[in-house]
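Dear colleague,

Please find below the structure that I am handing over to you. A short account of the findings comes after it.

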Amino acid sequence: MKIENKYYVESFLNKILFYYKIENILYTGQTKFQKVDILRVSLLGKTVFLDEKIQSAECDEFIYHESLVHPALLLHSNPEFIYIAGGGEGATLREVLKHRSVKKVRMCDIDEEFVNLCKVYLPEWHRNSFDDERAEIVFKDAREDIESLSDDSLDIYISDLTEPIEGGPSALLFTEDYFKILDKKLRKGGISVFQAGSTVIYYYDFILSLYKTLKEIFPSVFIYEIFVPSFHMSWGFVISFKENLNLKEILNRLENKRENEIFKYLNFLNPDYVKKIFFLPEYFKSSLNTKGRILTDKTPFIWEGDV
């Protein structure tokens, strides 16, 4: 943990430093897979850093987790069987379980030590969702786990993984080879959604490559974005469908869910805003066709150096 004069220091691209004033340190340590710091910092409240990168903050974690989960579940006709890759804090699981149609959620996280830390230090995030009878928690590599599932067994796949970094475990969970496997596991009408990193113009290589790679497998792929204050930048998600859809049809589906009871339980998304996030700025739309590359097992995306 980098501390300067009672400030936690986060480096971004080795060019920008973010300083967080520490109020108290709740936990700091190293699991088998990653360095974990859980601090209370000014303005953000309780905040989680993994490998010295901010992951989630008490003040606005709902913005990220609602945006990751609910568009996909609202756009599916009857989401019953859900898979979460990653999601150790338990907040993604929490949001999925808000939907009454959900019968089973399988959450797979490679880092059992981190999940156990979250159970102790982050009750505001998981709100006992790990104990829900519909939840099944497994600890293994998500690719290995997905391969073990029966074909046509999932309605929705949610990727809540850290971005691929050198030496990290997630690089092969964003490749064309993996998506061919995932496609077989999704039922007719299945949807997959990925947290895909920032959409800012100097940091959007990963999300553009993920978009281009998913389009090799799935008939319809869209990006939507939000702003997460504690991340200091806009954040993107990629959603893919096993059927042909255009943006107008996506918006119509969301409009038809305007009266869905789920909106009673949300603090960020409402019937209008969930449609707004699908509209992208012009520079980003034009980049969809000109930037990014197809990711494969032999040529995965890996952020090098300090990200």
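The notes below cover the pockets, the cavity, the surface patch and the salt bridges in turn.

This is a predicted model, in which local features need pLDDT of at least 70 and side-chain atom pairs count only at pLDDT 80 or more, while totals for chains, interfaces and linings use all residues. Residues are numbered from 1 along each chain as its sequence is written, and side-chain values use heavy atoms, with hydrogens and water left out.

Pockets

A pocket is an open set of points on a 1 Å grid over the protein atoms alone, with protein on both sides within 12 Å along at least five of seven lines; a cavity is a set of points where a 1.4 Å probe fits but cannot get out, and lining residues have an atom within 4 Å of a point. Grid points are joined across faces, edges and corners, and a volume is the space filled by probe spheres set on the points. Helices (H or I, at least four residues) and strands (E, at least two) are DSSP runs, numbered from the N terminus.

The largest pocket has a volume of about 1,000 Å³. Its lining consists of 45 residues, and those closest to the centre of the pocket are Leu50, Gln55, Leu161, Thr162 and Glu163. Strand S2 (7-12), S6, H1 and strand S13 (233-241) each contribute at least two lining residues, and S6 gives the most, with four. By class, the lining holds 20 nonpolar, 13 polar and 12 charged residues. Here Ala, Val, Leu, Ile, Met, Phe, Trp, Tyr, Cys and Pro count as nonpolar, Asp, Glu, Lys and Arg as charged, and the others, Gly among them, as polar.

The second largest pocket has a volume of about 180 Å³. Among the residues that line this pocket are Tyr211, Phe222, Leu247, Phe279, Leu280 and Lys285. Strand S12 (220-228) and H10 each supply at least two of the lining residues, with the largest share, three residues, coming from S12. The lining of the second largest pocket divides into nine nonpolar, no polar and one charged.

Tyr224 is also placed in strand S12. Tyr224 is buried, with a relative accessible area of 0%; buried means under 20%, exposed over 50% and partly exposed in between (1.4 Å probe, protein chains only). The C-alpha atoms of Tyr224 and Leu280 are separated by 7.0 Å, although the two residues are 56 apart along the chain.

Cavity

A search of the whole structure finds one cavity of 30 Å³ or more. About 40 Å³ of space lies in the largest cavity. Its lining includes Gln55, Ser56, Asp60, Glu61, Tyr64 and Phe231. Strand S6 (53-57) and helix H1 (61-75) each supply at least two residues of this lining, which divides into four nonpolar, four polar and two charged residues.

Surface patch

Ile16, Ile201, Tyr202 and Tyr283 form a nonpolar patch on the surface, with about 380 Å² of accessible area together. Patches are made of residues with over 30% relative accessible area and no salt bridge, like charges being joined within 9 Å and nonpolar side chains (Val, Leu, Ile, Met, Phe, Trp, Tyr) within 5 Å. Accessible areas come from the Shrake-Rupley method with a 1.4 Å probe, and for residues only the protein chains shown count as cover. Tyr283 belongs to helix H10 (residues 282-290) and is partly exposed, at 33% relative accessible area.

Salt bridges

Side chains of opposite charge can pair when their charged atoms come close. A salt bridge is a side-chain nitrogen of Lys or Arg within 4 Å of a carboxyl oxygen of Asp or Glu, and by this rule the count comes to 23.

One of them joins Arg40 to Glu58, with the closest N and O atoms 3.4 Å apart. Arg40 lies in strand S4 (residues 35-41) and Glu58 in the loop between S6 and H1, so the pair ties together parts that are 18 residues apart in sequence. Arg40 is partly exposed, at 27%, and so is Glu58, at 30%.

Arg258 forms a salt bridge with Glu255 (2.9 Å, N to O) and another with Asp272, where the closest N and O atoms are 2.6 Å apart. Both Arg258 and Asp272 lie in the loop between helix H8 (247-256) and helix H9 (273-276), so their pair ties together parts that are 14 residues apart in sequence. Asp272 is partly exposed, with a relative accessible area of 47%.

Finally, Lys104, Arg106, Glu136, Lys140 and Asp145 are linked in a network of salt bridges.

With kind regards
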